[in-house]
Amino acid sequence: MTITTLKQNDQITFRLDGWLDTLSSPELGAAVDGITAASAIILDFDKVEYIASSGVRQVVACHRKAKELDAKFSVVNVGTEVMSILQLTGLDKKIAISGKA
């Protein structure tokens, strides 16, 4: 998993590339934990091929962090396979998640 962090004003986007699984989830967690202020936190899943339960937990943790910071949170560019997993968990009803355009 490769994580690229983009900061534009006080909006932070994490572009993820690869599998969000047990091995890579802690890396995302560490990146998000380091945020002290933001108006929005965005996870860009354009190149996420697979998400495990540990990855789903990390998405939830990112959502919690955004709430702590009073920031908007969204997951964007989600592929169909990953989207089906997020829908199965019900996260699509609690978090702003959008598929690939």
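Let's start with the core. The largest nonpolar core in this predicted model has 28 residues. Which of them touch the most other members? Phe14, Leu28, Leu43, Phe45, Val59, Phe73 and Val75 do. β2, α1, β3, α2, β4 and α3, residues 80-89, each supply at least two residues. The largest share comes from β3, with five residues. As background, nonpolar side chains in soluble globular proteins tend to be buried together.

Take Leu43 as an example. Leave out residues up to four places away in sequence. Leu43 then touches Phe14, Leu28, Val59, Cys62, Phe73, Ser74, Val75 and Val76.

Next, helix α1, residues 25-33. Its buried residues are Ser25, Leu28, Gly29 and Val32.

Now the aromatics. How many aromatic pairs are there? The count is one. The pair is Trp19 with Tyr50. Their ring centres are 4.6 Å apart. Their planes sit at 40 degrees, so we call the pair tilted. To be stacked, the planes would have to be under 30 degrees apart; for edge-to-face, over 60. This pair links distant parts of the chain. Trp19 is in strand β2, residues 11-20, and Tyr50 is in strand β3, residues 40-51. That puts them 31 residues apart. Buried or exposed? Each is partly exposed: Trp19 has a relative accessible area of 45%, and Tyr50 has 35%.

Last, the backbone. Two asparagines deserve a look. Asn9 has phi near 55 degrees, a positive value in a residue other than glycine. Asn9 is in the loop between β1, residues 2-8, and β2. With a relative accessible area of 77%, Asn9 is exposed. Asn77 also has a positive phi, near 60 degrees. Where is Asn77 found? Asn77 lies in strand β4, residues 72-78. Asn77 is partly exposed, at 24% relative accessible area.

Terms used. Residues are numbered from 1 along each chain as its sequence is written. This is a predicted model: local features need pLDDT of at least 70, side-chain atom pairs count only at pLDDT 80 or more; totals for chains, interfaces and linings use all residues. Side-chain values use heavy atoms; hydrogens and water are left out. Rings of Phe, Tyr and Trp (its six-membered ring) pair if their centres lie within 6.5 Å; planes under 30 degrees apart count as stacked, over 60 as edge-to-face and the rest as tilted. Helices (H or I, at least four residues) and strands (E, at least two) are DSSP runs, numbered from the N terminus. Buried means under 20% relative accessible area, exposed over 50%, partly exposed in between (1.4 Å probe, protein chains only). A nonpolar core is a set of buried Ala, Val, Leu, Ile, Met, Phe, Trp, Tyr and Cys residues joined through side-chain atoms within 4.5 Å. Contact means heavy atoms within 4.5 Å.
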